[in-house]
Amino acid sequence: MTKKIDTALKELTKALEKHAQIVGLKPVPQKKAGRAAAELRSAAATYANIVEAKTGQTNPFIDFLDAATIASLVHERDELAKRTAAEKAASEGSATQ
């Protein structure tokens, strides 16, 4: 295994474990779960990109993402970006007052 693939695998495993720990809590802390999910998606994308670059193999996760899941993830990402932008604008607005 190449060093880059090995490093990406470790980061992916770490992100999976963190996500599982957080979503296993009762009640599930929504903000922490959202951040853990984002980190997990990022780690999976990094792993897939490195594997593809090093081996030419396609994304090993591609079969798991149907159109509805992709649409849901895009919507979730866009809503998080809007919320973050609104919070940033609000904090900048209150800082100037």
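**Entry 1: the helix pair**

How close do the axes of helix α1 and helix α2 come, and at what angle do they cross? I looked this up first. The model is predicted, so I kept to its limits: local features need pLDDT of at least 70, side-chain atom pairs count only at pLDDT 80 or more, and totals for chains, interfaces and linings use all residues. Residues are numbered from 1 along each chain as its sequence is written, and side-chain values use heavy atoms, with hydrogens and water left out.

I took helices as DSSP runs (H or I, at least four residues), numbered from the N terminus. Helix α1 covers residues 3-23 and helix α2 covers residues 30-55. Their axes come within 9 Å and cross at roughly 160°. The axes are lines fitted to C-alpha atoms over the stretch in contact, and angles run from 0 to 180 degrees between N-to-C directions. α1 and α2 are therefore roughly antiparallel, a label for angles over 145 degrees. α1 passes α2 in a left-handed crossing: the near helix is turned anticlockwise from the far one by less than a right angle.

I then sorted the residues of this contact: 17 are nonpolar, 2 polar and 6 charged. Nonpolar here means Ala, Val, Leu, Ile, Met, Phe, Trp, Tyr, Cys and Pro; charged means Asp, Glu, Lys and Arg; the others, Gly among them, are polar.

**Entry 2: the core**

Which residues form the largest nonpolar core? I listed 9: Ile5, Ala8, Leu12, Ala15, Leu40, Ala43, Ala44, Tyr47 and Val51. Such a core is a set of buried Ala, Val, Leu, Ile, Met, Phe, Trp, Tyr and Cys residues joined through side-chain atoms within 4.5 Å. Buried means under 20% relative accessible area, exposed over 50%, partly exposed in between (1.4 Å probe, protein chains only). α1 and α2 each supply at least two residues of this core. The largest share, 5 residues, comes from α2.

Leaving out residues up to four places away in sequence, Tyr47 touches Ile5, Ala8, Leu9, Leu12, Pro60 and Phe61; contact means heavy atoms within 4.5 Å.

**Entry 3: single residues**

Glu11 lies in helix α1. Glu11 is partly exposed, at 43% relative accessible area.

Arg35 is in helix α2 and is partly exposed, at 48%.

Pro27 lies between α1 and α2. A cis peptide bond joins Lys26 and Pro27, with omega about -10°.

How values were computed
Angles under 35 degrees count as roughly parallel, over 145 as roughly antiparallel, 65 to 115 as roughly perpendicular and the rest as oblique.
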